[in-house]
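Colleague: I would like to go through this model step by step. Please show it first.

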Amino acid sequence: MPIAVVTDSTAYLPEGWAEQFAVRTVPLQVNVGGAGAVAESDFTPRELTRALERKQRVTTSGAASEELAKAYQAALDDGADGVVAVHLSRQLSATWDAARLAAREVDPQRIRVVDSRSAAMGLGFPVLAAADAARRGADLDEVEHTAIATAGQTTTLFSVQTLEHLRRGGRIGTAAAVLGTALAIKPVLHVREGRIEVLEKVRTTSRAMDRMLQAALRSAGTGRAAVAVHHLAAADRAQELADQLQERLGNSVSCQISEVGAVIGAHIGPGAVGVVVLPGGWRVPE
């Protein structure tokens with residue numbers, strides 16, 4: 001593959017797709033109770049849920065520039081003509097800044113760093129689109145443009161059971177979180193220009209799910225669309241949302257369901273459900 005694609009562990013690509021598309025993944029870190037940072041891949045969603053239920057303090061940290069540099073250099077050493085590194089929103093993590101530093105250190109002419117302005121499959125779809133373009137022989141500029149264009153087309157929506165986890169992680173304002181918790185609001189949130197914002201305030205989980213469904217349908221439009229449903233310890237509600245999307249969109253939709261990892265999960269908390277929509281669709285690998 002002349003152009004290599006690198007991402008981080010918060011892309012949450014469907015199982016086996018990273019290997020199939022030769023995507024290199026650099027892990028983010030999780031720390032529970034001050035015991036020391038571990039790679040996200042070494043701390044399961046179930047372990048995270050147990051830790052949060054026990055009121056243990058869970059913190060996360062971005063990928064280190066040294067690890068990113070190793071991944072970029074390894075891709076070049078393996079024969080890639082260039083690297084397109086697509087990472088989670090710089091508004092949500094220091095990973096993008098670390099990636100820019102790593103690119104300058106390794107080879108700024110042959111490494112392009114793209115801010116997906118999202119996370120989970122809001123990051124994953126641009127990664128897969130870029131990797132598919134690279135596999136088809138696109139050059140460095142084309143692969144970078146594909147990642148940027150795809151990122152700009154995605155819509156990321158989610159609903160949480162409490163805003164407290166987002167508040168603790170600094171991903172939403174303290175005043176909004178405290179007020180939302182006091183009023184028992186179950187908000188529908190979205191990622192806009194890389195930041196988490198409240199899309200709509202509702203009082204019940206069922207209403208939040210319905211609002212999220214309607215917003216996802218509007219984003220999908222009338223043509224083909226690719227959809228990813230994410231959750232943390234809420235498999236039944238995630239499956240219900242996926243079924244409703246499949247029923248309403250019919251054969252025009254390709255829908256993947258997955259549980260988020262510990263880095264994103266630590267900030268949204270158990271019971272969270274989200275959906276990422278890419279209008280125009282994504283072809284599932286054969």
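**A loop residue and two helix pairs**

Colleague: Where is Thr154 placed?

Modeller: This is a predicted model. Helix H6 covers 140-153 and strand E8 covers 155-159. Thr154 lies in the loop between H6 and E8.

Colleague: Is Thr154 buried or exposed?

Modeller: Thr154 touches Gly122, Phe125, Val276, Val277 and Leu278, leaving out residues up to four places away in sequence. Its relative accessible area is 14%. Buried means under 20%, so Thr154 is buried.

Colleague: Which backbone oxygen does the side chain of Thr154 reach?

Modeller: The distance is 3.0 Å. A polar contact needs N or O atoms within 3.5 Å. The side chain of Thr154 reaches the backbone oxygen of Ala151.

Colleague: How is H5 oriented to H6?

Modeller: Helix H5 (residues 121-135) packs with H6 at an angle of about 150°, and their axes are 8 Å apart. Angles over 145 degrees count as roughly antiparallel. Therefore H5 is roughly antiparallel to H6.

Colleague: How many charged residues are in the contact of H5 with H6?

Modeller: Phe125, Pro126, Ala129, Ala130, Ala133 and Ala134 in H5 meet Val143, Thr146, Ala147, Thr150 and Ala151 in H6. By class, nine are nonpolar and two polar.

Colleague: How is H3 oriented to H4?

Modeller: Helix H3 (residues 65-77) and helix H4 (residues 95-106) pack at an angle of about 50°, with axes 8 Å apart. That angle makes H3, relative to H4, oblique.

Terms used: Residues numbered from 1 in each chain as written. Predicted model: local features only at pLDDT ≥ 70, side-chain atom pairs only at ≥ 80, totals over all residues. Heavy atoms only, no water. Axes fitted to C-alpha atoms, helices over the stretch in contact; angles between N-to-C directions. Helix = DSSP H or I, 4+ residues; strand = E, 2+ residues; numbered from the N terminus. Parallel < 35°, antiparallel > 145°, perpendicular 65-115°, else oblique. Buried < 20%, exposed > 50% of the residue type's maximum accessible area, 1.4 Å probe, protein only. Polar contact = N/O pair within 3.5 Å; in protein donor to acceptor, adjacent residues only side chain to side chain. Contact = heavy atoms within 4.5 Å. Nonpolar A, V, L, I, M, F, W, Y, C, P; charged D, E, K, R; others polar.
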